[in-house]
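Reader: Hello! Could you take a close look at one part for me, the contact between the chains, and how many residues does it take from chain A and from chain B?

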Amino acid sequence: MIDGSVAGSTGPAHASGLAIETTALTKRFGRQTVVDDLALSVPRGSVFGFLGPNGSGKTTTIRMLLGLAQASDGEISVLGERMPQRLGSVLPRVGALIEGPGFYPFLSGSANLRRLDSADGFAPNGTRSARVSRALDTVGLGHAADKKVRAYSLGMKQRLGIANALLAPRDLIVLDEPTNGLDPQGTREVRSLIRSLADEGTTVFVSSHLLAEIEQMCTHAAVMRAGKLVAQGTLDELRSAGTTRVIVTTPDADAAARVLRTLGLDPGHPDAPGPAVTATLSESIEPEDIVAALVAAGVRVRGFAVDHASLEDLFVALTGEGFDVVQ
Amino acid sequence: MSSSDPRASGLNARRTTRSLGAGFFASELAVLFRRRRTWAMLLALAAVPILIAVAVRISSSGSSGRGPAFIDSITQNGLFVGIAGLTIAIPLFLPLTVGVVAGDSIAGEANTATLRYLLVSPVGRIRLLVVKYLAAVVFCLAAALTLSIAGILIGIALFPVGPVTLLSGDTVGIGDSLVRSLLIALYATVSLLGLSAVGLFISTLTDAPVGAMAATVVLSIVAQVLDSLSQTEWLHPWLFSHYWLGFADLLRQPIEWSSFGQNALLQLGYVVVFGALAYGRFSSKDILS
C-alpha cells in the first residue's frame, strides 16, 4: 500500500483537517466482504478521486459514508462528526449524487428538486424556488425546468442529479460516477463545475472507474480493489510511487546492457534484437550519470529517455487489467 | 456573490433550527395528488355510487328485498346512495386503493431511486415514515369522502330527497342526515387506519411497489375471509376488518358511539404494532436501491 503523508496522519488533532475519515471500515453482505478494513483520509478542500473497477466497493463505501447502509465494522467521520450518529447535522452540509440520479418521472425537473429540497429540514422555504432555478441554471437545465423528467435524456437526468447536490451551500459534495451518460461536452462541463466548486472551498469526493477523468480534475486519489484500499495520497505521491525506466536507443545493445549492469541496474536480456535497452531506474543513480557512463564506454547513444510510469500503468497494476470483476 | 460570507445571506442562508416537516408533508401530498394514478383511483371510487344509482334508477321496478343493505332505501331517498356506495366499496374497492397508496409509500420511493436522495437530504427515517403514513391517511379520507359526496350528488340528481328515516325509526332532517353521511365517511376512514399501517410496514420490506400493494390487498381479503368463518370466531374481534361494516350504529337516534370507539381502538392497536414494526425494520435497513 502506498501511503501519502495525509493517510499516515490520524488522531483527533487532524479530525478538523479531514472532510472524510474512516478507520477499519468494513461491510459484509452475508459471507461476502464487500468493503474490507478501509482507512480513507480525504483532506478538506481537496478534489478527491475515488478510483476502482466496477464492483470494487466504491458505491457501498459511499452509501456507508452517507448513512444509507450500516457499517459491519469500523468508524466513519464526515466533516469532523461521527456518522451515522450525527447524520442529522452532517448531511445538510453534504450534497450527493449516488449511483445515478433518482427522480419522479411524473414531475418536472424543478418540481423534483423542490420536493427533495423540502425534505431537508434546514433548507429555508422562502428561497426554495430561487435556489432551485439557480441549481438548474448551473447545470444548464434552465430551459428544461418545467419538462417532465420522463421526457429527460439520460444525460439530462444526470445533470439534474448534480443540480440536486447543489441546492444548498455544501461543505462536501459526493459525486458517484458523475459523468455517466454525459456526452463529451457534458463531461467537460462537469469537470469545470467541480473545479469551480473546489475554488470556492468545497471538498469534492468523486468516484469513477475512469482514470483519465480523475487525473484531469483531482488533487488526491484513492484506489480500491476488491473492497480494499490499495493506494491513497496526492496525485504526485501516487505518480512517484510508480516505477521510472531509462530507455537507451543504441546500435550497441550488448555493450549498453553491460554498462547498465555495472551501474547496478537490471536491463534484463533484450528479447528482441532491437535498438533499445531499457532498465528500471533506481533512486541512487542520476540519469545523467548513466549517459556519461555509456559515452565513456564508447556506446553510440542515439537516444536516451527517462520514462515515468503513467498513473494508468499504476492503476492497471493495482487493480488488474481487463473486464474481470473481482469477487 | 459579493458578500464577504456568502453563507450568511441571500440564497445561501440556512435555517438555524430544523423545521418540523410541514413543508415536506405538503410536498408529499402534492406528489400524491399530482399523480394521475391517484385521480384515476378516486374517479373509480366515485363511479361506484354513480353506477349503483343509475342501475337502480333504470330498473326501479320496485324492491326485490335482496341485494346489499341500503340499496332498497335509495329509491325512497337519494341521500342513501352515498351510504350504499360505501357499503359496496368497503370490502374490496377501498382496500384496493388504500393498498396501492400504502404499499407504494416506501417501496415506490425505493423503486424510483428517490428514497436514497430523500434520506440523504436528510429527511430522517422516522419523519419519512410518519409523513408517508399521514399521507396515506389523507388518501383514506379523500377516498371515503369521494364515495360519500359522489353518492349524495348522484342521489340528489336521480331520486327524491327528503327527511331520512333512520334504522331506529326516527326521522331526521336533510342537514342532520348529511352530517351522518360525513360521520360514516369518517368511520370508513378510521376503519382503514389499520390496513394503512400494515401496508406501510409491508412497503418497508421490499423495493418492489407492486408486490407490497398486492400483499396489502391480499391481507385485507384474508382478514375478511377469516372474519366470515365460524371456525376462527375467537380471532374475529382482533381482525382489522371486523368492524368495517359496523357503521349502522351511526344511523340510530341517539347515535350509538360504542362501535365507533371499539373500531377506533382496534385500528389504533394496529397502527401502534405495525408502526413499530415498520420503524424497527426501516430505521436500520440498508438502503441499497
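Author: Happy to! One term first: a contact here means heavy atoms within 4.5 Å. Please keep in mind that this is a predicted model.

Chain B has 11 helices and 2 strands. If you take the contacts in chain B between residues at least 6 apart in sequence, 76% of them join residues at least 24 apart.

Now to the contact you asked about. Chain A brings 44 residues to it and chain B brings 40. Together the two chains bury about 3700 Å², with 55% of that on carbon and sulfur atoms. On the chain A side, A:L68, A:R115 and A:F122 lose the most area to chain B, and together they account for 18% of what that side buries.

Polar groups take part as well. There are 3 salt bridges across the interface of chain A and chain B. In one salt bridge, the side chain of A:K27 meets that of B:D286, at 2.4 Å from N to O. Across the interface, 19 residue pairs are in polar contact.

Which elements of chain A give two or more residues to the side that touches chain B? They are β2 (18-29), α3 (87-90), β8 (94-97), α4 (109-118) and α5 (128-138) of chain A. The biggest contribution to that side comes from α4(A), which gives 5 residues. Sorted by class, the side of chain A that touches chain B holds 25 nonpolar, 9 polar and 10 charged residues.

Of its 10 residues, 9 are buried, so α4(A) is largely enclosed by the rest of the structure. The buried ones are A:G109, A:S110, A:A111, A:N112, A:L113, A:R115, A:L116, A:D117 and A:S118. What do the buried residues of α4(A) pack against? Within chain A they pack against α5 and α6 (154-165). From chain B, their partners are α1 (22-34), α5 (93-111), α6 (114-120) and α7 (125-158).

Over all chains the count of disulfides comes to 0. A:C218 has a relative accessible area of 8%, so it counts as buried. B:C140 is buried too, because its relative accessible area is 0%.

One last stop is a loop in chain A. A:L182 sits in the loop between β9 (172-176) and α7 (184-199) of chain A. Is A:L182 buried or exposed? Its relative accessibility is 14%, and because buried means under 20%, A:L182 counts as buried. Leaving aside residues up to four places away in sequence, A:L182 touches A:G155, A:Q158, A:R159, A:T187 and A:V190. From A:L182 to A:L294 there are 112 residues in sequence and 51 Å in space, C-alpha to C-alpha.

Note on methods:
Residues numbered from 1 in each chain as written. Chains lettered and ligands numbered in written order. Predicted model: local features only at pLDDT ≥ 70, side-chain atom pairs only at ≥ 80, totals over all residues. Heavy atoms only, no water. Buried area = accessible area lost by both parts, 1.4 Å probe. Salt bridge = Lys/Arg side-chain N within 4 Å of Asp/Glu carboxyl O. Polar contact = N/O pair within 3.5 Å; in protein donor to acceptor, adjacent residues only side chain to side chain. Helix = DSSP H or I, 4+ residues; strand = E, 2+ residues; numbered from the N terminus. Nonpolar A, V, L, I, M, F, W, Y, C, P; charged D, E, K, R; others polar. Buried < 20%, exposed > 50% of the residue type's maximum accessible area, 1.4 Å probe, protein only. Disulfide = S-S within 2.5 Å.
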